[in-house]
Amino acid sequence: MGDFNRGIMAKKSSYVSQKQLLLLFCAFFFSAVSIAAGVDVMYSLALFLWFLSMIYTVSNLRQRALYFVFLISFFVFLLGGHFCYEYFGMSVNYYFGESFYFHSNLCLFLSLAAVLAGYIFAGKAKLEKRFKRNTNTAERDSMSRRNYSTKNVRQYSKLLFYITYPFWIYTIMGRVSFVFSSSYYSSYVEYESSAPYTVKAIAAMTPYFFYLFLATLPAKKECKLPITLYLVYAFVSLFTGRRSFFMVMILFIMLYFIYRYYRNEEEAWIKRKYIVTAVIAGPILVIILQMIQFIRAGESASGQSIVELLFGFFQQQGFSSSLLRLERYYEGYIREDAFYSFFGIVKYFRTNSILKIIFNPQYDFSYVGNSIDYALKGNSLANALSYAALGKINYLTGQGVGSCYIAELHHDFGYFGVVLGSMVYGIMMKIINKIWNSTYRPNVWTIAIGFAMVESFIKAPRWNYDIFISYFLDLGMWMAFAAVFGLCNVMKRKRHV
């Protein structure tokens, strides 16, 4: 079965090239027919480029898995809304006229092109030399020591994941309880965790213990319980009304299975029955997620058909493309000097407790909840646009429009910024994939950091541009790594006593 599944990778290169050409022709034909049928030309070009990028990723999933899940997220959060508008006549939010619609599609096209260019450029940068296998005696001895160390990291990271997991669940149950007693929108304004700081600090380390455990490449059987617990947390997160957490966690597990499928061919990480189950369960899951939207908004879905729920999900999730128009429409109402694309970095240096010991930057607003000062004085595009577009009352009751890395880049640096910033995304994803698949001195710590940053690239289409830097700076990650590293060294010394 495994040999069958890997067939595409084992076939002759000429066959693969023919298959790619066939897929490319189908994408080109679909785009040409779409334009002839009256679909917006710029959107058709953006969608064709997305198809092209997908063909590029699936032709070598081993090396391009992260790029693959990024493209799925890009379609769901950005292209999907326009797709429902162009092909099914569904409404699109904040249209504002043809020039604004063209602008949003142009931004989508430029970003997709730049991410692809950055990814290919990084692949041509001869990174292979840094990951080349060395098989001399000294290196084999070093690898033997690392294998011993990897086993310790696996053991203690799994142990700490189990120990801290109840704290992780406890913190999210607090938000679930608030949503049930109040409302989803109120949670963005009124909710403040009652958990002690120590509990929240411990909970913040839990997912990183999980990533570190997975980075040691444990056997599939050993992964079952940790992955199950991780998915339980994802399921519980749905009751907060925040569907994005659930989707991100599901996509990460899918990515990990793809990664292990190619990395450890002796184990059947992907089977035909898994694929069949995913194909059947996928649409059902999409419908359930869309029904959650009605529930959290206090509306009834009784009049909705299965098809309306299915495509309504992509229409609603694709709202992020509207931010590209909102940013341009309200450019005169939001700060010109805010540098929204660096929101995470600015917030980190302003609010980090440790850095405040060295210097204490002054700002006269709170980063918690929705406030007028936060919208007008902060550098959060999500808050600034929400206040401008929704009005004071709706904004202060917890409603918001969110953000998008493309909108932030365009506001700060124009179309040039969209291209340059998106190229950085492509380069970063390629570097992470190279680290994951390296045969030279594979390092569990760097692999785990890559796993931790996966969420940032999945979230980026509806989040801040510098989210990948924010995740890298996360104190919870470094505390978790330090705890495992310290425990490994303490236990090592005890064995030598």
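Axes are lines fitted to C-alpha atoms, for helices over the stretch in contact, with angles running from 0 to 180 degrees between N-to-C directions. Helices are DSSP runs of H or I with at least four residues, numbered from the N terminus. This is a predicted model, in which local features need pLDDT of at least 70 and side-chain atom pairs count only at pLDDT 80 or more, while totals for chains, interfaces and linings use all residues. Residues are numbered from 1 along each chain as its sequence is written, and side-chain values use heavy atoms, with hydrogens and water left out.

The axes of α4 (residues 41-58) and α6 (residues 98-123) come within 8 Å, crossing at roughly 25 degrees. The two helices are therefore roughly parallel (angles under 35 degrees; over 145 is roughly antiparallel, 65 to 115 roughly perpendicular, and the rest oblique). Their crossing is left-handed (the near helix is turned anticlockwise from the far one by less than a right angle; clockwise is right-handed). Contact means heavy atoms within 4.5 Å; residues of α4 including W50 and Y56 meet residues of α6 including F102 and Y119. The contact of α4 with α6 has 17 nonpolar, two polar and no charged residues (Ala, Val, Leu, Ile, Met, Phe, Trp, Tyr, Cys and Pro are nonpolar, Asp, Glu, Lys and Arg charged, and the others, Gly among them, polar).

## Helix pair α5 and α19

Helix α5 (residues 61-88) and helix α19 (residues 405-436) have axes that come within 6 Å and cross at roughly 150 degrees. That angle makes α5 roughly antiparallel to α19. On the α5 side the contact includes R62, R64, F70 and F74, and on the α19 side Y405, K430, K434 and W436. By class, the contact of α5 with α19 divides into 12 nonpolar, two polar and four charged residues.

## Helix pair α8 and α20

Between α8 (residues 197-215) and α20 (residues 444-459), the axes come within 8 Å and cross at roughly 130 degrees. These helices are therefore oblique to each other, and their crossing is right-handed. Y208, Y211, L212, L214 and A215 of α8 meet residues of α20, among them W445, F451 and E455. The contact of α8 with α20 holds 11 nonpolar residues, no polar ones and one charged.

## Cavity

The structure holds one cavity of 30 Å³ or more, and the largest cavity has about 40 Å³ of space. A cavity is a set of points on a 1 Å grid over the protein atoms alone where a 1.4 Å probe fits but cannot get out, and lining residues have an atom within 4 Å of a point. Grid points are joined across faces, edges and corners, and a volume is the space filled by probe spheres set on the points.

Residues lining the largest cavity include H82, N93, Q315 and F319. Its lining has two nonpolar, eight polar and no charged residues.

Terms used. 1 Å grid on protein atoms, 1.4 Å probe; cavity = no way out; pocket = protein on both sides within 12 Å on 5 of 7 lines; lining within 4 Å.
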